[in-house]
Amino acid sequence: MDTVRSHIMVCGGTGCVSSDSEKLITLFKEKLSSVDYDKEVNVIRTGCFGFCGQGPIVKIHPDNVFYVQVKLDDVDEIVEEHIIKGRIVKRLLYEEPFYKRKVQSTSKMDFYKKQYRIALRNCGIINPEEIEEYIAYDGYEALGKALLEMSAEEVTNILKDAGLRGRGGGGFPTGLKWEFTSKSPGNQKYIICNADEGDPGAFMDRSILEGDPHSVLEAMAIGGYATGANSGIVYIRAEYPLAIKRLNIAIEQAREFGFLGKDIFGSGFDFDISVKLGAGAFVCGEETALIHSVEGKRGEPTKKPPFPSESGYQGKPTTVNNVETFANVCPIILKGSQWFSSIGTETSKGTKVFALAGSVNNVGLVEVPMGTTLREIIYDIGGGIIGGKEFKAVQTGGPSGGVITVNDLDTPIDYESLKNIGSMMGSGGMIIMDETSCMVNIAKFYLDFSQDESCGKCTPCRIGVKRMYEILERITKGEGQLEDLEKLELLANMIKHSSLCGLGQTAPNPVLSTMKYFREEYLEHVENHYCRAGECKDLLKYSIDSNKCIGCTACAKVCPVSCITGKPKEIHKIDQTQCISCGACFDACKFDAVIKP
Amino acid sequence: MGTVNIVFNDTKLEVEEGITILEAAKKIGVHIPTLCHLDLEGFGIVNQVASCRVCVVEVEGRETLVPSCAEKVYDGMVIHSDSIKAMSGRRMAVELLLSNHPKDCLSCAKNLECELQSLAQELGIRDIYWEGERVDYKKDTSTFSLIKDPNKCVMCRRCETMCNEVQTCNVLSAVNRGFESFVGPAFNMDMADSACTFCGQCVAVCPTAALTEMDNTGQVWNQLVNPKKHVVVQIAPAVRVAIGEMFGLEPGTLTTGKIVTALRKLGFDGVFDTNFGADLTIIEEATELIHRINHNGTLPMLTSCCPAWVKFFEHQFPDLLDIPSTCKSPQIMFGTIAKTYYAEKQNIDPENISVVSIMPCLAKKAEAKRPELTKDEESNVDIVITTREFGRMMKSAGIDFANLPDGEFDKIMGESTGASVIFGTTGGVIEAAVRTAYEWLTDEELEDVNFKQLRGLDGIREASVFIGETELRIGIAHGLGNARKLLDEIKAGKSKFHAIEIMACPGGCIGGGGQPYHHGDMEVIRKRQEALYVDDENKIHRKSHENKEIIQLYKEFIGEPYGEKAHELLHTHYVARQKI
Amino acid sequence: MNIEVVNKMSVKSLEELKKLREESKKKVSLRKEGKGDYIELMVGMATCGIAAGARTTLSALMDEIQKKDIDNIKVVQVGCLGYCHSEPIVQVNEPGKEPIIYGNVDDKRAREIINKHIINHELIDDAIIIETYKKP
């Protein structure tokens, strides 16, 4: 009999694909075929489950069993044991790090317990390349409802009441933005989806587009209706080939079903979407630069005002929204503004997707209600610091953001609260750092990125950010002077206030933030030529191998700064804050116990 | 437009709605330094990219500083241009620019004329805190007309605006990204390989020495000190109403006589007037126009004395090469006649004659080097220097220009009519042509030679001249963008004109790329134009064909206008070129 | 934007969408999770179960469920349920009720379970494995 009784969902997000999840799908199909189970069991490629550190992920329905780190060799066992005999393959289950217990269902995993998935609602659940699956989960109902039962103004008002704010980092109220565009005079308007996602390490938008592209298309159509735009453009970075492929498939299917094109739902409203590829410029994530890139011009920002809602693409009123912002629109239409505004804090409603990375146990994509504290995300969801090390700082907002220290870990996440402690929400990158991360180096890393990505148009960013980077380079090489710190701060503040666009205005944030909370580290780099995290290679000091040292005191005798302590016949120790890296101890030691940096 | 109430540096003001903060500042005499901003009023040329961040001011309620050149005022705006935050921002922008700028002011072509230098001086910069890497690019000296030095580029984008939006040549744009960016042709190709017309408008607006003219004064000195060479010089009409500005005289001061005296002091053997060449051009061109009208020739006919314009249509409209007049330009015609007729008359071996032109123009340098503008492998014109170079030559010779007595041009090629004088302004060439064409077509005497309908400063002008019963429809454009519009019409077969005059520079030659810098003040152009029309008024002969020396030239040497010898000596052909 | 759309499957009303949704839901019904207010049918699929034909049982259950269009029900395969002498075994877990274990469930019995027990709420007494159930 041909009744399908099991679905094997295999994660098809870029992360898992790079770990051969596509091959897994092929092998599953082959194996099932060989044991004649291929008509009863379907193998389905789905979107990102979010638990990327444990990928490749395979989930079996209806048993609701979540397998992690599945390798190609595991396919046979899963089919033979689980599919055929109903016996769960325990060794492939996720193991909670603390109590070391195996967990079968995501509802019992700490990683998932505190998450509330709205933007990622369909990721891991549907096959993104099958529009029918999207429809099964209420797809295109919101569009139909909006077109047939609501006026454009009502749609905008729902968005306004819901309190949805731009998820790309700006946090501007979406409903208000739509209202501005709809009120701008003109017959030709546009709505653009910003899928440039340039923050290094961020992949929230990518996962949404790979796992649930229709949610964005439907929202764009709704946005077009609300603002009076018949034309939508998705500007997607060329470095996302899988997302581009899924997007194009989704657009084709949507057109086939009449959800894009002329007279949608018989309402008289026409709307269609085209896709434009980026070409490797972070600055094109800035809306005016993005618009110029779509126009075929050099991707440089231009002054605001005029804002795109007044004069954007081809000089016409244009709305630019982020992918994640769009992903929230349909649930708001279907479930209402009150439902959405009941989640989150006073000023920041709904949820936010974060890309959790760095020194945490659970690395991946998480979606939490606004107001969740950083501590909850890092420890409850993230599973704490790897190897039990000390938490040092968490960086949010990518190259535009700042660091947050242990003192502010109980800050509930929302746009204003993060800004108040010197960082920002940004697009959702969240990098956890432990004691092995050098704060000066982090600032330098982000400055390197910003100065490379600067478009070069305005003086403060073009020359100033480069100068900031040069100062940080000197500092991390041990060539910094005390006055460099003063210069850095002065320059940082002025660049923040004079730059033309958001890139330049926020590029100094990592510097200002790390200087505020970790000034001692800067001073150590400059005054003591010492990097406590051990990252700045030019500042490493000599140390003594306790396994080889016999306590002959030869090193201590020759140390010009007397920074070696130890009694005779006892293991000696070099004071890292005093060591000047002269190497005299290395030359003196006959037992190979001094480690050269 | 309504008005709005603002507070500017604690002063309450009521100003028009929609003006910029910079414009509002001018109303209360507040000076805000600018760099990238450029507004050539009346010519519609505006560069408002707000990229230098020098003109920033503080606006209450706004976290970031605001560019005053681009930001419009609104009701209730409270502005501080003199707060510490605003001044620090301004200063930092200049200091950062200086930290990435060569320090060779003393030997720089823009020494004392450089806007960055002036800013540094105005803000009292003494120390550059932000020392670091500097860009290091090669200078582009591939052309005959200009020099491009990317190391001195401050990314003001004025040249880009000029080249792309005004001239529509689209040669210049930003290259590279971030710290390494500068403005140049695509792929950073040599300017000589691009579609550059050498109009020099980029040079005219560049605030630093990123774009300057090729300096040929050294070659001129070499000719002057060479005992074997008989050096003749011709001076363009637009030069005489502008050169005085370099010596403290008002723009538009007519200094023809002083120029002649100065040139003799410098040691030129023959001092002549390009206007002679201009009258000659009119004879040939008017004949050509009449010929085309009477023999169903290609119409409209376009003037061809502007070499930047010639290069423009060679690149941009290579399939319309039969439309422009085949006449050489006045300077070239002069050069040709100097090395033939004049040489014969004075019994000088043409090989020993050096023809030097003093022009308001950079394209003329390239024109002189065109391979088809030669005779017996010698260029018709040997060296071209600009008004600015001429001024520098006089200064280095210690000539007290302003107080020189007037001199007279030499004979044989020194006479000119009022028609030739107005060549220097937009509308002048065609007016001169019409004065002659009128008399030749109607066989009547033209009583009022002033064709005021052809005058003005609008970018595109249309006028009708009634010659007897016939209506001659004339089109006039200055600025290559405006020229393109007329050319597009011709291409589409929709042109209704008989003759079109095109000048590449704003206002015509008076606004040329080699003239003394106007620094954004368009009054200068207007005054220069006015002076030319006054000079024309004061001439006894105001029609080219009344020039006695020209009449003699034809009688003794050329023969028929537009005849065989005329074609051999005074006409040329054009070359189809690619866009890039 | 010029679109040549083959509008054969064009959805032109909310009703049409709803129909499409109902159809599509069936294809993904296996992925339901969460609330737990659905009925769970566990089919013993260990070696003994399979040997006794549990695969057929499972397919029959799925087929009947589909035919009768039942919504809140899930069929899950499990390992050995212990009553190897009575394979194939089907355990019916209804929320709030005692689990009922049926033995010797073949194709016919499977469909009976669906129609009688699930739809009509009638226990099939003589199929219940005696040791597991005490009649009230």
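Between domain 2 of chain A and domain 3 of chain A the count is 2 salt bridges, a salt bridge being a side-chain nitrogen of Lys or Arg within 4 Å of a carboxyl oxygen of Asp or Glu. A:Arg165 and A:Glu416 meet through their side chains in a salt bridge, with 3.0 Å from N to O. This is a predicted model, in which local features need pLDDT of at least 70 and side-chain atom pairs count only at pLDDT 80 or more, while totals for chains, interfaces and linings use all residues. Residues are numbered from 1 along each chain as its sequence is written, chains are lettered from A and ligands numbered from 1 in the order in which they are written, and side-chain values use heavy atoms, with hydrogens and water left out.

Chain A is assigned domain 1 (6-109), domain 2 (131-341), domain 3 (351-434), domain 4 (439-527) and domain 5 (541-595); the bounds come from an automatic or database domain assignment. A distance of 27 Å separates the C-alpha centres of domain 2 of chain A and domain 3 of chain A. Their contact (heavy atoms within 4.5 Å) involves 16 residues of domain 2 of chain A and 18 residues of domain 3 of chain A. The size of an interface is often given as the accessible area lost when the parts come together. Buried area is used here in that sense: the accessible area (1.4 Å probe) that two parts lose on being put together, summed over both. For domain 2 of chain A and domain 3 of chain A it is about 1300 Å², with 57% on carbon and sulfur atoms.

Chain B can be read in the same terms. Its domains are domain 1 (3-99), domain 2 (133-213) and domain 3 (218-570). Between domain 1 of chain B and domain 2 of chain B, the C-alpha centres are 27 Å apart, and the contact takes 13 residues from domain 1 of chain B and 12 residues from domain 2 of chain B. The two bury about 890 Å², and carbon and sulfur atoms give 61% of that area. On the side of domain 1 of chain B, the residues that lose the most area to domain 2 of chain B are B:Leu35, B:Ile45 and B:Asn47, which together give 41% of what that side buries.

Next come the interfaces between chains. Chain A contributes 33 residues and chain B 36 residues to their contact. About 2900 Å² is buried between chain A and chain B, 56% of it on carbon and sulfur atoms. Within chain A, the most area is lost to chain B by A:Arg462, A:Arg467 and A:His497, together 21% of what that side buries. This interface has 4 salt bridges by the rule. One of them joins B:Arg177 to A:Asp452, with the closest N and O atoms 3.9 Å apart.

Chain A also meets chain C, through 56 residues of chain A and 40 residues of chain C. The area buried between chain A and chain C is about 3900 Å², of which 57% is on carbon and sulfur atoms. Here the count is 5 salt bridges; A:Glu141 and C:Arg21 form a salt bridge whose closest N and O atoms are 2.8 Å apart.

Chain C itself has 4 helices and 4 strands, taken as DSSP runs numbered from the N terminus (helices H or I, at least four residues; strands E, at least two). From the N terminus on, their order is α-β-α-α-β-β-β-α. Chain C has 136 residues, of which 46% count as buried; buried means under 20% relative accessible area, exposed over 50%, and partly exposed in between (1.4 Å probe, protein chains only).

Back in chain B, helix H13 (residues 387-396) has 7 of its 10 residues buried, so the helix is largely enclosed by the rest of the structure. Among the buried residues of H13(B) are B:Phe390, B:Met393 and B:Met394.

Aromatic side chains remain. Over all chains there are 28 aromatic pairs, where rings of Phe, Tyr and Trp (its six-membered ring) pair if their centres lie within 6.5 Å, and planes under 30 degrees apart count as stacked, over 60 as edge-to-face and the rest as tilted. B:Trp309 and B:Phe312 form a tilted pair, 6.4 Å centre to centre with 35 degrees between the planes. These two residues are separated by about one helical turn because they are 3 residues apart in helix H10 (residues 307-316) of chain B. Both B:Trp309 and B:Phe312 are buried.
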